[in-house]
Amino acid sequence: MSNEINSKILSGKEVAASVYKRLEESIISLSSRGVVPGLAAVLMGSDPASEVYVRMKTKRFAKMNLHSETFYIPSDLKEHDIADLILRLNENQKYHGILVQLPLPKRINTAKILSAVSPEKDVDGFHPENLGRLASGNPRFIPCTPKGILEILKHYEISTQGKHVVVVGRSNIVGRPMSLLLGLKNETGNATVTVCHSRTPDIGYHTRQADIIIAAVGVPGLIDADMVSPDTFIIDVGVNRVDDDSEKGYHLEGDVNYDAVQGIASAVTPVPGGVGPMTIAMLVENTVEAAENSLTNRLK
Ligand SMILES: NC(=O)c1ccc[n+]([C@@H]2O[C@H](COP(=O)([O-])OP(=O)(O)OC[C@H]3O[C@@H](n4cnc5c(N)ncnc54)[C@H](OP(=O)(O)O)[C@@H]3O)[C@@H](O)[C@H]2O)c1
C-alpha cells in the first residue's frame with residue numbers, strides 16, 4: 001500500500017557525500033606530512049556478499065586516493081594462521097586500519113580473531129577494548145554502521161535527546177553498539193532506549209511507542225505499517241537478498257516494508273542508498289582518524 005503523502009527520504013548517499021567533502025582537508029593535511037591513510041581488509045573464503053562489500057569499500061578508498069589492500073585467505077586456513085596474518089598487519093606501518101570482513105566461517109572463533117587486531121588499528125570498533133570504551137562513554141573507534149546512523153540523524157537534525165528509540169536487533173556489530181551509543185549522556189545520546197530481539201514477544205508493541213525505530217534484523221519487511229505510529233523516524237539497516245526473476249536473480253530489501261510505511265513515518269532511510277553508504281563513509285573516517293592518531297600518538 002502506498003499512501004498519498006510520502007515520507008521524507010533520509011538519503012545516506014547525500015550524507016556520505018558531505019562526509020567525504022569534510023574529510024578532504026584532513027587527507028590533504030596528512031599527505032603534506034607524507035602520510036597516506038591505509039587500510040588492510042582481510043577477506044576469508046568466497047562469500048559473494050562479503051566480496052561485494054569489501055570491493056565497495058576498497059573502491060571508495062581508491063576514489064579518495066587512499067591506500068587499501070585486500071588479503072584473500074582460504075576458508076580452510078587455521079585460526080592461528082589468521083591471527084599470525086593479523087599480527088603482521090598490526091606491525092606494518094602502511095596500514096593504519098585493519099578490517100576483518102564478517103561473517104567468518106562458523107568453525108572460526110570470531111571473537112578471538114577480532115581481539116588479535118590492534119585496538120589502535122581497529123577501525124571497525126569491534127575489539128573488546130574499543131567496545132568497552134564505547135560502553136563507558138569514552139569511545140576510540142565507533143563501529144561504522146552505528147556511527148553512520150548517528151551521522152544521518154545529525155545531518156537531518158533528528159534529535160535523540162529525551163526521545164524513545166527502539167532498536168530491533170542486538171548484534172555486536174549493529175544493534176548492541178547502537179543502543180549503547182544512544183543511551184550515553186551526550187549530544188548524540190540521551191535517548192530512552194528499548195532493545196528488541198528474536199525473543200521479544202510483540203515487537204510492534206514497542207515500535208508503536210517509538211519516536212525513532214532502528215531496524216537491524218536481517219528479515220525483509222519485518223517492520224510493517226501496523227508497527228509504526230505516525231511521525232516516527234525510521235532507520236532501516238537491513239540489507240536482504242530476495243530472489244526474483246531479474247537477470248541478477250535477486251534484489252535488495254530492507255528490514256522495513258518501505259512502501260507500507262510511506263505516509264505514516266515522518267522519514268525513512270531507503271535500501272539501498274540509506275545506511276549502507278554511511279557504513280563505508282565511516283570506515284574511511286575511522287581510517288583517516290587512525291592515521292592522524294599514528295602521527296600524534298595521542299591518547300583518545
Ligand atoms: N547497511 C549496512 O551497512 C549494514 C551493516 C551491517 C549489517 N547490515 C544488515 O543489517 C541486518 C542485521 O545485521 P546484523 O549483522 O546485526 O545481523 P545478526 O548478527 O544476524 O543479528 C540480527 C539481530 O536481529 C534479531 N532478530 C533476528 N530475527 C528476528 C526476528 N524475527 N524478530 C526480532 N529480532 C530478530 C537477532 O536476535 P537474537 O539476538 O535473539 O538472535 C539479532 O539480535 C542484516 O540484514 C545485515 O545485512 C547492514
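One cavity of 30 Å³ or more is counted in this predicted model. A cavity here is a set of points on a 1 Å grid over the protein atoms alone where a 1.4 Å probe fits but cannot get out. Grid points are joined across faces, edges and corners, and a volume is the space filled by probe spheres set on the points. The largest cavity has a volume of about 50 Å³. Its lining residues, those with an atom within 4 Å of a point, are Ile98, Leu99, Val100, Leu114, Val117, Asp122, Asp124 and Phe126. Six of the lining residues are nonpolar, none is polar and two are charged, where Ala, Val, Leu, Ile, Met, Phe, Trp, Tyr, Cys and Pro count as nonpolar, Asp, Glu, Lys and Arg as charged, and the others, Gly among them, as polar. Strand 4 (residues 97–100) contributes three residues, the most to this lining. Helices (H or I, at least four residues) and strands (E, at least two) are DSSP runs, numbered from the N terminus.

Residues are numbered from 1 along each chain as its sequence is written. Local features need pLDDT of at least 70 and side-chain atom pairs count only at pLDDT 80 or more, while totals for chains, interfaces and linings use all residues; side-chain values use heavy atoms, with hydrogens and water left out.

Turning to the sheet, six strands form an open arrangement in the order 1-11-8-7-5-6, with parallel pairing. Strand 1 (8–9) and strand 6 (192–196) stand at the edges with a single partner strand each, so one side of each has no neighbour in the sheet. Two strands pair if DSSP finds at least two bridges between them, and two bridges join strand 8 (residues 233–236) to strand 11 (residues 267–268). Within this parallel pair, Phe233 stands opposite Ala267. Helix 7 (residues 175–183) lies across strand 5 (164–168), strand 6 and strand 7 (212–215), running at about 170° to strand 5.

Now for the backbone: most residues other than glycine have a negative phi, and most peptide bonds are trans. A cis peptide bond joins Leu102 and Pro103, with omega about 0°; Pro103 sits in the loop between strand 4 and helix 4 (110–116). Another cis bond runs from Val271 to Pro272, in which Pro272 belongs to the loop between strand 11 and helix 10 (275–296). Glu157 has a positive phi near 55° and is exposed at 74% relative accessibility (exposed means over 50% relative accessible area, with a 1.4 Å probe and protein chains only).

Key. 1 Å grid on protein atoms, 1.4 Å probe; cavity = no way out; pocket = protein on both sides within 12 Å on 5 of 7 lines; lining within 4 Å. Contact = heavy atoms within 4.5 Å. Axes fitted to C-alpha atoms, helices over the stretch in contact; angles between N-to-C directions. Buried < 20%, exposed > 50% of the residue type's maximum accessible area, 1.4 Å probe, protein only.
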